[in-house]
Amino acid sequence: MLRRRFPEWFVLLLPAIIVIAAVVLIPLIFSLYSSFTPYKLTRPSTLWTWVGTYNYEKILTDAKFWAAFGRTVLFLTIVLNLELVLGLGIALLMNKVTWGQRTLRTILMFPMMFSPILVGFQFKFIFNDNIGLVNNALQSMGFNVALPWLVDGKLAMFSIIFAEVWMSTSVFAILILAGLFAMPRDPLEAAKVDGCTPWQSFRHITLPFLMPFIFIAMTIRSLDVARAYDIVQIMTGGGPARRTELLWTLMSRTGYVDARMGLANAMGYVSILLSIVFTIYFFHKLSAARAQIGMGG
Amino acid sequence: MTEVNLSKVVKFYGKHRAVHGIDLAIHDGEFVVLVGPSGCGKSTTLRMIAGLEDISDGEVSIGGRVVNDLPPRERNISMVFQNYALYPHMTVRENLGFSLKVAKKEETEIEKAVDEAAGILGLDELMERKPAELSGGQRQRVAMGRAIVRHPDVFLFDEPLSNLDAKLRTQMRVEIKKLHQKVGNTIIYVTHDQVEAMTLADRIVLMQDGYIVQVGTPLELFNAPVNTFVASFIGSPPMNLIDGTVSGTDTIKLAGGLDVPVPAAARGQVTDGQKVQFGFRADNLMPEGHAVQEEGEKANLELTVTLTEPLGTETVLFTDIAGTEVQAKMLNPRPVRPGEVLKFRLMLDKCHVFDANTTEAIRG
Ligand SMILES: Nc1ncnc2c1ncn2[C@@H]1O[C@H](COP(=O)(O)OP(=O)(O)O)[C@@H](O)[C@H]1O
Ligand SMILES: [Mg+2]
């Protein structure tokens, strides 16, 4: 009998290939397939009905989906920009600190160490309209109000953004701080001698050097925020009346509450496009910024 | 008119005192070189003049204006850094024009000034490149171009040539000197290399451990060093120094038993029994038949050559006087083998005497 001989590298990689296939590839193919079926969790036999692109057509005309899509893009834009501005500010301040910087850096990482679920609960309590910290603080300062933080649509969105920014600004701060540490001192001194004000030095020398670090943070965070689920689910559950509904809360509602898994999977595939677009955009910017400061494309 | 004046300037880094109250007056258009061994406070002094370091005490004035509390941008100086400090994300053209751009000058004016500087330094071909695409010598030139574009009152150079190879260094040295002749500004130049100092300076400021040891023209420092440190720092090879004791008023007994007369300049300044160091340069100890013909008092010595360093027009001979290694020079050299015994002539008029305790020169 002739034994087929596999090349050695293949044999060595086989366990890894099998594991990856089992946990990534098969679910991926399964979910892609099911997005072309009317698959309902409560009626498993629906998995075998092929409906072609029906789910996708349905999504394209679904106002609820597009509302969530637009809200996610808005959420992403506001959160990323806020985190960038705050993170940059924190990093610049930290860079000036000469004493106890190590401790400060560790403290800065604390929010990242909490599970998002806990952060969700924490802010759900803080923003609670009856017993919450914010309203209590407002009242003891003499404002006789009970703002419906998590009930009013706009305020709820604000509260969620606040929680998200609180949790993850340190990603920007840490990466930008790393950039500041890696920054050569000479060009800054040359700029001083060349007549730059501190603002001009920052604008023309420091910022171009930090851009690659900023875009790395942007890429990481855009993938994260586009998947925002835990905090939103805990704090508002997408409510009130879907006014804080983001893509992932909508998907989980469709998939698990309404049990329409085929449709939810189709939504997943459409919304992945969003992440891909952001990633490509930021990577493009990243390599341009790297080339700018002579780090090569 | 742009004089630079330092008066009792002190620099503390924490508790460490890096510069000990130095006084220095630099005239308009003068090329002054701060030289000294590594760590003696040259860069610190220069950076205080530039405004990149705080002045702990004392006063710095540029063009009659006290600048202690002015930021660098208000001092109208340019600085060339040791590792060039070009802006990596800007082209050569942008690097050159940057100072004018932040000063909000007209586009056309910037272009004119940049082209002029590029012309002076031969950068025309490189204008659209980034610093990463330039060789060391080209980067150095851009750094210099960036300094001259602004027409500053004073140029500050901090070891601008020490990252270049020997040949390029010599070449750039000439260019810097030409640049000074062309623009005529005051230049303060820091280096640890005494050859650079000698070749470039109108006046040399020799520093040691945060103090100024001697200020003078290159020839003053070469011919009349104030102490043994200056004597061994300036000139190559360094001055030969031999321990000795004064005997009577006219004779110095060297450690190994050899007697030499007290050089004319020091006569009457020494006392019997004084411990001294007897110094002379290699140029003043030459083998017979290979020496400069010069009038003056001479001493004849027979010495064994231990090592030779042929340099072409001359050979440096290593030998031994009274147990101390000394170097001599041979003009129109012929091959010499180690171990060969030659007759040497020591030019006594050119010799120096230093007090062994204070290391200071004894001179009338
Ligand atoms: N930023 C600094 N912090 C503390 N000490 C410094 C600093 N810069 C220089 N020094 C010290 O000051 C002294 C003079 O340094 P520097 O002026 O750089 O010497 P040079 O340029 O002559 O080689 C040295 O002993 C050096 O260690
Ligand atoms: Mg130095």
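Mentor: One definition to begin: buried means under 20% relative accessible area, exposed over 50%, and partly exposed in between (1.4 Å probe, protein chains only). This is a predicted model, where local features need pLDDT of at least 70. Residues are numbered from 1 along each chain as its sequence is written.

Trainee: How many helices and strands does chain B have?
Mentor: Chain B has eight helices and 21 strands. Of its 364 residues, 51% count as buried.

Trainee: Switching to sheets: what is the strand order in the open sheet of four strands?
Mentor: The order is 2-1-4-5 in chain B, with antiparallel pairing. Strand 2 and strand 5 (65-66) of chain B are at the edges with a single partner strand each, so one side of each has no neighbour in the sheet. Two strands pair if DSSP finds at least two bridges between them.

Trainee: How many bridges join strand 1 and strand 2 of chain B?
Mentor: Eight bridges, linking residues 4-13 with residues 16-26 of chain B in the antiparallel sense. B:Val10 stands opposite B:His20 of strand 2 there.

Trainee: What about B:Gly14 in that hairpin?
Mentor: The hairpin has two residues between the strands, and B:Gly14 takes a positive phi near 60°.

How values were computed
Chains are lettered from A and ligands numbered from 1 in the order in which they are written. This is a predicted model: local features need pLDDT of at least 70, side-chain atom pairs count only at pLDDT 80 or more; totals for chains, interfaces and linings use all residues. Side-chain values use heavy atoms; hydrogens and water are left out.
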